[in-house]
Amino acid sequence: MNKVSIFNVAAGGKARFFSLVLLLVVGLVPVDDARAEYGDVVLNRYAESEGMRPVIFPHWFHRIRFRCKVCHHELGFEMRAGSNDVTMARIIEGEFCGMCHNGEISWAVDNCDLCHSGKPGLKSGIHGGSQTKGPGRW
Amino acid sequence: MFISRVFVLIWVFSVHGLAHSDIDKRQWQPLNNDGLHDPASPAMGVLQEPAEALRPLPGDYAGNQVLWVKALREGYIEPRSNIFPDTTVEFLDMDIIMENTSIMPMVLFPHAEHTEWLDCKNCHDIIFKEKVGANQINMFQILQGEYCGRCHGAVAFPLTECFRCHSVPRDTFTGQYGVQPKTSTDANPQ
């Protein structure tokens with residue numbers, strides 16, 4: 001058996017090697033939303049299909065007021081964009097954003113437009129000018 | 001006498017002014033032109049602008065252009081540690097040196113800076129096994145958003161800042177790898 005490795009040039013690995021290098025180089029270039037603030041998250045799994053603007057969550061705004069551990073430990077937000085099934089029903093029941101956005105700790109969910117403030121067509125995930133947006137997922 | 005005092009005052013103010021303008025050239029995009037917010041949204045003009053919130057904080061050139069740990073430790077910000085009164089707020093002051101970094105300087109991982117923001121359970125054992133040497137960390141995986149790359153490159157300082165982690169020169173280091181003897185006493189256990 002001819003073992004194929006990215007470093008094995010004779011076995012066609014040269015093309016693989018260069019495509020890997022190309023992937024890394026392209027990955028280091030900020031391709032979209034370079035203007036958005038670092039760490040901004042777009043939530044648009046349901047919003048737009050339900051007739052609302054996509055949600056923009058600004059990490060910078062929240063970390064001035066709360067340490068990461070409040071949302072990512074106490075409130076149970078998984079630290080991976082896309083892995084939290086955030087719905088308005090669950091928020092109104094007090095989960096996720098609803099732990100604070102309940103009119104007690106912060107303003108309540110009837111201020112729809114303050115979160116649902118994104119441009120139409122935005123893709124869910126971390127945006128925010130990450131300078132290292134590689135081939136991975138955030 | 002009076003004239004010399006005036007000159008001193010002019011000098012003091014000019015130096016101060018120059019220093020100030022030299023340091024803070026940071027710019028943040030207004031929300032209505034950040035590529036994400038809809039300029040037609042009623043939230044424009046209501047939501048706080050990044051420049052307003054972040055300019056008073058200690059400056060950086062990467063990420064949010066804020067040194068978040070410094071901002072926290074020096075009291076520029078006082079973010080809450082918990083919402084529920086019975087939550088145990090955990091803190092750990094333990095530095096770890098990772099020696100398998102090839103030609104790069106070794107990595108010093110400070111638990112203190114991390115646990116001021118995060119809970120132990122955010123990383124252990126979901127992202128990192130709670131045992132020195134048990135995690136096969138490499139930069140390819142970090143660049144793909146695994147291990148340190150969960151936060152660094154997304155919300156914490158980006159992966160362009162190699163030497164903030166790779167900070168221990170191998171040739172002058174004489175201590176032990178792994179867990180370091182405690183030296184710092186100024187950590188802030190909040």
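Predicted model: local features only at pLDDT ≥ 70, side-chain atom pairs only at ≥ 80, totals over all residues.
Reader: OK, let's start with Phe109(B). What makes Phe109(B) partly exposed?

Author: Count the neighbours. Phe109(B) has 18 other C-beta atoms within 10 Å. Buried takes 20 or more, and exposed takes 12 or fewer. The value 18 lies in between, so Phe109(B) is called partly exposed.

Reader: And where is Phe109(B) in chain B?

Author: Phe109(B) sits in strand E2, residues 106-110. Leaving out residues up to four places away in sequence, Phe109(B) touches Asp95(B), Ile96(B) and Met98(B). Gly178(B) is 69 residues from Phe109(B) in sequence, with a C-alpha to C-alpha distance of 9.6 Å.

Reader: Which residues does Arg170(B) contact, leaving aside neighbours within four places in sequence?

Author: Pro105(B) and Met106(B). Arg170(B) itself lies in the loop between strand E3 (166-168) and strand E4 (178-179) of chain B. As for Cys123(B), 47 residues away along the chain, its C-alpha atom is 27 Å from that of Arg170(B).

Reader: Let's zoom out. How many helices and strands does chain B have?

Author: Seven helices and four strands, in the sequence pattern α-α-α-β-β-α-α-α-α-β-β. Of its 190 residues, 21% count as buried.

Reader: Over to chain A. What makes E2 and E3 of chain A edge strands?

Author: Three strands of chain A form an open, antiparallel sheet in the order E2-E1-E3. Strand E2 (55-57) and strand E3 (125-126) each pair on one side only, and these are the edge strands.

Reader: Last one: how many residues does each chain bring to the contact?

Author: Chain A brings 43 residues and chain B brings 46. Helix H2 (59-65), helix H3 (68-74) and helix H5 (112-115) of chain A each supply at least two residues of chain A's side. By class, that side has 18 nonpolar, twelve polar and 13 charged residues.

How values were computed:
Residues numbered from 1 in each chain as written. Chains lettered and ligands numbered in written order. Pairing = 2+ DSSP bridges. Contact = placed C-beta atoms within 7 Å. Nonpolar A, V, L, I, M, F, W, Y, C, P; charged D, E, K, R; others polar.
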